[in-house]
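Biologist: Before we go through this model together, could you show me how each kind of feature should be read, and then point to the case at hand?

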Amino acid sequence: MAGGGRVAGIYSRHGSRAAERVSSSHALRPLTEPLLIGAAETPYLRRPSEELRTDGLLADAFLEALEAAGVRRSEVDGLAVSSFTLAPDTVIDLAWKLGVRARWIMQSPLGGASGLDMLQHAIRAIESGDASTVVILSGDRFSKQAFAKLVSEYNRVTHELLDPLPFLGPPSVFSMLTQRYMDMHGLTRADFAQIPIAQRGWAAGNPNAAYRDPLTLDQYLSAPMVADPLCIYDCVPVTSGADAIVLSTHTRPGGGSGVRVRALAALHNPDNQAGDGLKTGLAEISPGLWQSAGRGPAEMDVISVYDDFPVMVLVQMVDLGLIGPDQVRPFLNEQLPAGRPVNTAGGMLSAGQSGASGGLHGIVECVRQLQGRAGARQVQGARHAVVAGYGMVLYRFGACANAAVMEAVA
Amino acid sequence: MSGDAGASRVSGVPAGRCASCGRVTFPWGLLCPACGGREYLSVRLSRGTVEQTTTVHPRDGGEPIVLALVGMGQAGDVLARARGSIRRGEEVALCMREGRIEAAPIGAGATSAGAR
């Protein structure tokens, strides 16, 4: 896919948009190109200490990201955050506590899609001159009680229809989707096991992951069930932690190299929860995304897809054209064991799910990979990456989906 | 809620029928997904077909719970607590019991009320 082009409704650096703005009027300056220049992730903790708070975790990620980017706090003029446990504080409290003077500010409630949601808006803010250096944060510190409250009051429908069953959290909903997917593709639990096993292999190279020991097929098949066919290794461990990325007009001496967002698109609530949940909004936006990016699925060196449950990894891989609908089995049993770089920080299944941090986790990993800063798990020569976000179960399945194609700036 | 479980049992799952086009929606929202109508009439859906079931194991080691995804035709799917033995493909009766949606073998729902 060479060239690329502009597709309505999809962000693209490689359509004719920037040039159009210049040629159509001398008064308009060319759109600034925002670059991701730093990324950070705190350790994901299974048992956070008593004194650890959500805002403190966000501050840790904020400082680490600034250092990674070589940016001073005084240069930050845009701030975004996503968190389930920051309340009653909001992004403006956070700006105050971090000492950020913000010309642009936002908060995303979109969970697993929040990272790309905030990035989508931050790119436009920098392009249009509303801000020059934006820090995007997400994170949560969960107590047992805080997590139970989130599960029970996720939205009004959950509280009224699912909580009274009781449904005992997302695994019951995703067990239904997994069963359906297994039937559709003739897959067994041993096939599905390849996802947590492969991701655990990657997690060994991520010092911040909650679980880093190798996982065997025997361990997986004899593990306690959560909601059949899902066992404990199919369900993300709840952790506390935070993530951050820095988006700016230029790189800094001593900071990370630039990562360009070639294209980004979103489609939320594509079917009013009327479908079978095994197709996301990504399926619809995928062709335009690749066209806008001027790159194709085969060119992606690193892939991050939202892995709240293994079935959604497969759904997103197919929706984005990263595997064909008839390649699910070889993907699981050949490509993953051979090391195809999918969720190279271990994904949430091994690293942990720190609430809204799940929405940034994949972006942070791709930025680090494209900057050559992924340590022991570095994919050699990584130049292109695709990140997908997914989430917000309204009743039977997630309603939000977005994706971005990224490229290391030479 | 009284101590008598039978007293809080109501047949059917509450759904909305669009006053303009008749489309039945569950759970219903604000505007009809088909025609955009604002007004809903309350209806109850009392039958469905089991699409999937799962046994959920509480993390605290409590008694496992069986849940069923039950298809209600055009109105969509409902997640229900299974009462008694129900199987995939089986037609089941839906009811509200003590504030929760239940699916039971047809004919068993009313008679087993208060049985546990």
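**Reading a helix, a sheet and an interface**

Modeller: Let us begin with burial, where buried means under 20% relative accessible area, exposed over 50% and partly exposed in between, with a 1.4 Å probe and protein chains only. In α7(A), the buried residues are A:P171, A:S172, A:V173, A:F174, A:S175, A:M176, A:L177, A:T178, A:Q179, A:R180, A:Y181 and A:M182. This is a predicted model, in which local features need pLDDT of at least 70 and side-chain atom pairs count only at pLDDT 80 or more, while totals for chains, interfaces and linings use all residues. Residues are numbered from 1 along each chain as its sequence is written, chains are lettered from A and ligands numbered from 1 in the order in which they are written, and side-chain values use heavy atoms, with hydrogens and water left out.

Biologist: How many residues does helix α7 of chain A have, and what span does it reach?

Modeller: Helices (H or I, at least four residues) and strands (E, at least two) are DSSP runs, numbered from the N terminus, and the expected span of a helix is 1.5 Å times one less than its number of residues. Helix α7 of chain A, residues 170-185, has 16 residues and reaches 22 Å from its first C-alpha to its last, close to the 22 Å expected. Of its 16 residues, 12 are buried, so that α7(A) is mostly covered. Just after α7(A), A:G186 takes a positive phi of about 65 degrees.

Biologist: Which elements does chain B have, and in what pattern along the sequence?

Modeller: Chain B has one helix and nine strands, and along the sequence they follow the pattern β-β-β-β-β-β-β-β-β-α. Of its 116 residues, 43% count as buried.

Biologist: In which sense do strands β7 and β9 of chain B pair?

Modeller: Two strands pair if DSSP finds at least two bridges between them. Strand β7 (residues 77-82) of chain B pairs with β9(B) in the parallel sense over two bridges, and B:A82 has B:A103 as its bridge partner in β9(B). Strand β8 (residues 91-97) of chain B, by contrast, runs antiparallel to β9(B), with six bridges joining them; there the bridge partner of B:R97 is B:R100. The hairpin of β8(B) and β9(B) has two residues between the strands, and in it B:E98 takes a positive phi near 50 degrees. Strand β9 itself, residues 100-105 of chain B, is mostly covered, with six of its six residues buried.

Biologist: What area do chain B and chain A bury between them?

Modeller: The size of an interface is often given as the accessible area lost when the parts come together; here buried area is the accessible area (1.4 Å probe) that two parts lose on being put together, summed over both. Chain B and chain A bury about 2100 Å² between them, 59% of it on carbon and sulfur atoms. B:Q52, B:T54 and B:L79 supply 25% of the area that chain B buries against chain A, more than any other three residues.

Biologist: Why does B:Q52 count as buried, and which residues does B:Q52 touch?

Modeller: B:Q52, found in strand β5 of chain B, counts as buried because its relative accessibility is 3%. Contact means heavy atoms within 4.5 Å, and, not counting residues up to four places away in sequence, B:Q52 touches A:M176, A:Q179, A:R180, B:L67, B:A68, B:L69 and B:R88.

Biologist: What does the side chain of A:R180 meet in a salt bridge?

Modeller: A salt bridge is a side-chain nitrogen of Lys or Arg within 4 Å of a carboxyl oxygen of Asp or Glu, and the side chain of A:R180 meets that of B:D77 in one (3.6 Å, N to O).
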